[in-house]
Amino acid sequence: MPKSEDSSGKPESKSLAKKSNRKAAASGSKSDHAIDQPLPKDRFLNRELSWLAFNERVLAQAADDSLPILERAKFLAITSSNLDEFMMVRVGGLKILHQRNPGYRDPAGMVAVEQLQAVAEKGQEIVTRQYALFRDSVLPKMEAAGIHQVDLDREGETAFHAALTRFQDDVFPVLSPQAVTLDRFPLLPGLGLNVLVRLTKNPDSRLGAANVRSTPQKSENGVGEPFEYALIPIGKALPRVMSISGESRHGYILLEKLVAHFVSDFFPGRHVEECFAFRLTRNADIELREDEASDLLGGMEEVLESRRYSRPVRLEYWDTASEEAVEFLRHAHQLHQEDLYAIDGPVDLSFLFALHGVEGFDHLRDEPWPAKPHHRIDPEEKMFSTIAEGDLLMVHPYERFDSVVRLIEEAAVDPDVLAIKQVLYRTSKNSPVVAALERAAEHGKYVTAIVELKARFDEARNIEWAREMERAGVQVIYGIHGLKTHAKICIIVRREQTGVVRYMHFGTGNYNEVTAKLYGDISLLTSDEVLGRDATNFFNAITGASQPRSMEEIAAAPIGIRKKILDLIEGETQRCLQGGRGKISAKVNALVDTEVIDALYRASRAGVEIRLNVRGQCCLRPGVKGLSETIKVVSIVDRFLEHARIMKFYQGGDEKLFISSADWMPRNLDRRVELLIPVSDAACSDRLKDVLATYFKDNTNAWQMKSNGEYRLAKPGKHAAVRSQRVLYEDVVAQWQKADASRRSTFRPIRAGE
């Protein structure tokens, strides 16, 4: 069975149920509660369909007329790229599961083939809605706003000649056609655009006579008609969105459309029957067999190469393609009918990302929300001094992630810093964090970086960074055998007058300053001694390949977070059973783990009030009588991607708050190195409570989940409209303005050495 998340669903935890029942009986409070009853078999939703439901919520943003048109186009692009990854990873994994273990049933009771059929049906439905929205709404409104898609069959001479010049000067010299047959079809990389050309066989052509085996096809009258096929890979050397000057403010044409219009130039003396664009999606659910890899770097490079040319799982093509040509491609790549996606529009809508960034159309985008520094961070004061005065909790992207980068950059050149230890899961292309670590090593600091080479789709970049840091003198650890290191932690060890002090950053997001402007995450900056000891023990266990010591406050997966979460849920359950009050509020990206879900069901049966903000997949059924009546689930989809993991447990009024790198999924709790961090500082804890409460007040961009897995968008009704992301941003701006005004009104003498 492949290493796929849904293959790790755990059966109902009988030991947990017995523990709850024993405690309830001993307490003698609430009588035989429904908690003792067996849980129903249909209590889980299918995770694949739940993920597709999330993409439908993103698609709803693209359909929202209240949003600026380029923002709607951006959401269309997001749904397209989301679906690409889903097909590569989830559908690819299901196909492997079907081959290896066709009888395995997921927690929802579906075997792989049933899931593939359901996913194909829902996937086709989503694609149909995507393109209807693109053709009927988004494209016309962009056209009306001056962003014009050039149609060479309808344009005037000015645009036509501009396009012809662009083709002859920039495209024709670069691209090359290739004759193909069923027996001789080249390996095409996944998600690469191509143009397939069907030519009438020409016996006098050297191409036809020497290089191409004719492929007999059936014409409408049933008479065999020989055709030849040629392929034009579009590649990545040329931009897909090509500017074309004309009468409009911004004219553009897609590269594959330009190629298709002038395709005859590639085949002089030949008759082109048809041509159309297509692309293949290949299975990316390929992981390193670490037990067989003596060299991890080399092994990961082999995985990347295998992924480029793995088994196809989807074929997309213009719906104008003939049945003969589609069958040719289907047989060439051994695809099934459910793998075929006829597209009424451009294949791959991610080109809309490029249009979203077109200059001169700011009025067609969201108003900017420029991030502010945390109100306690003074640009004239060292980050070490600020953190020493008390913990800081930052809410991104409203507060600048630059402050975290600045801390590491200051540490790189600070003569009192002895060591920097950091986990890197995903970074940016030109990462200032990596540059700072290299600079620190060059300044003689003891620098250790755990670089996760198995971070899916970022493997190549991480391999490159790992090698570069090693050349700079950084001690690089390539993760943990059999696990992905997903924790977000940085430790800076500094010599001060009072002794050695550890400054730390814990986060819910990656050390990527680019995505930190787009993702909603939490950062905790602290010099807390207990957290410092725990962080050092955690880090040493990873780098030293040793058994982790017992930690005082922090919990780590795969050895501690599952138990910690279950114990916290059980604590709320027992308080309710004993006549008290139990409350749980949590914000995660996904809720898939069956053991955690069952614990929440039992807590609900005991009367615990449970509020869950789950951005994506949620396999729990909320609001089911006798099972989950006290559970409410919402999902927020807005301009920023919700990515923070926050948990609050009532604990009889002594509330405990946590941030985490881990979602409630088997992969995070059992197969990754993750962290669960308590937020104990009073000011930080209060702020985190406010942030969590703000999300649950949202009545404009929050989707309420029904017990059948469907979602309904919340509406303000008679109440004032609350958009949580705007509220969080405005709160940050107000705090920053107040602090900035205070600093400006305070006289600050310049001392020697400043």
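Among contacts in the protein chain between residues at least 6 apart in sequence, what percentage join residues at least 24 apart? The share is 76%, where contact means heavy atoms within 4.5 Å. The structure is a predicted model, in which local features need pLDDT of at least 70 and side-chain atom pairs count only at pLDDT 80 or more, while totals for chains, interfaces and linings use all residues. Residues are numbered from 1 along each chain as its sequence is written, and side-chain values use heavy atoms, with hydrogens and water left out.

The secondary structure of the protein chain consists of 20 helices and 28 strands. Helices (H or I, at least four residues) and strands (E, at least two) are DSSP runs, numbered from the N terminus. Of the 754 residues of the chain, 57% count as buried. Buried means under 20% relative accessible area, exposed means over 50%, and partly exposed lies in between, with a 1.4 Å probe and protein chains only.

In soluble globular proteins, nonpolar side chains tend to be buried together. A nonpolar core is taken here as a set of buried Ala, Val, Leu, Ile, Met, Phe, Trp, Tyr and Cys residues joined through side-chain atoms within 4.5 Å. The largest nonpolar core has 144 residues, of which Met142, Leu600 and Leu612 touch the most other members. Helix H3 (residues 69–100) gives the most to this core, with 12 residues. Apart from this core lies another, of 48 residues, among them Val395, Ile477, Ile646 and Leu675. When residues up to four places away in sequence are not counted, Leu612 touches Ala586, Leu591, Leu600, Leu620, Ile631, Lys632, Val633, Val634, Trp664 and Phe696.

Helix H3 has 32 residues and reaches 46 Å from its first C-alpha to its last, close to the 46 Å expected at 1.5 Å a residue. The expected span of a helix is 1.5 Å times one less than its number of residues. At Met87, H3 bends by about 30 degrees, the bend at a residue being the angle between axes fitted to the seven residues ending there and the seven starting there. Of the 32 residues of H3, 26 are buried, so H3 is largely enclosed by the rest of the structure.

Asn613 is part of strand E21 (residues 609–614) and is buried, with a relative accessible area of 1%. Leaving aside neighbours within four places in sequence, Asn613 is in contact with Ala586, Lys587, Val588, Val634, Ser635, Ile636, Tyr695 and Phe696. The C-alpha atoms of Asn613 and Ile646 are separated by 9.4 Å, with the two residues 33 apart along the chain.

Asp663 is placed in the loop between strand E25 (656–660) and helix H18 (666–670). With 3% relative accessibility, Asp663 counts as buried. The side chain of Asp663 reaches the backbone nitrogen of Asn589 at 2.7 Å, which falls under the term polar contact: a pair of N or O atoms within 3.5 Å, where within protein one must be able to donate a hydrogen and the other to accept it, and residues adjacent in sequence count only if both atoms are side-chain atoms. Not counting residues up to four places away in sequence, Asp663 touches Val588, Asn589, Ala590, Arg645, Asn668 and Leu669.

A search of the whole structure finds 0 disulfides, a disulfide being a pair of cysteine sulfur atoms within 2.5 Å. For Cys619, which is in no disulfide, the nearest cysteine sulfur is that of Cys618, 6.9 Å away. Cys619 is buried, with a relative accessible area of 4%. Cys275 is also buried, with a relative accessible area of 17%.

Most residues other than glycine have a negative phi, and most peptide bonds are trans. A cis peptide bond, with omega about 5 degrees, joins His396 and Pro397. Pro397 lies in the loop between strand E11 (392–396) and helix H12 (402–413). The peptide bond from Ala557 to Pro558 is cis, with omega near 10 degrees, and Pro558 is in the loop between strand E19 (555–557) and helix H16 (561–577).

Gln334 has a positive phi, near 55 degrees. This residue, Gln334, is in the loop between helix H9 (323–332) and strand E10 (340–343) and is exposed, with a relative accessible area of 55%. Asp348, which is not a glycine, has a positive phi of about 75 degrees. Asp348 is found in the loop between E10 and helix H10 (352–356) and is buried, with a relative accessible area of 10%.
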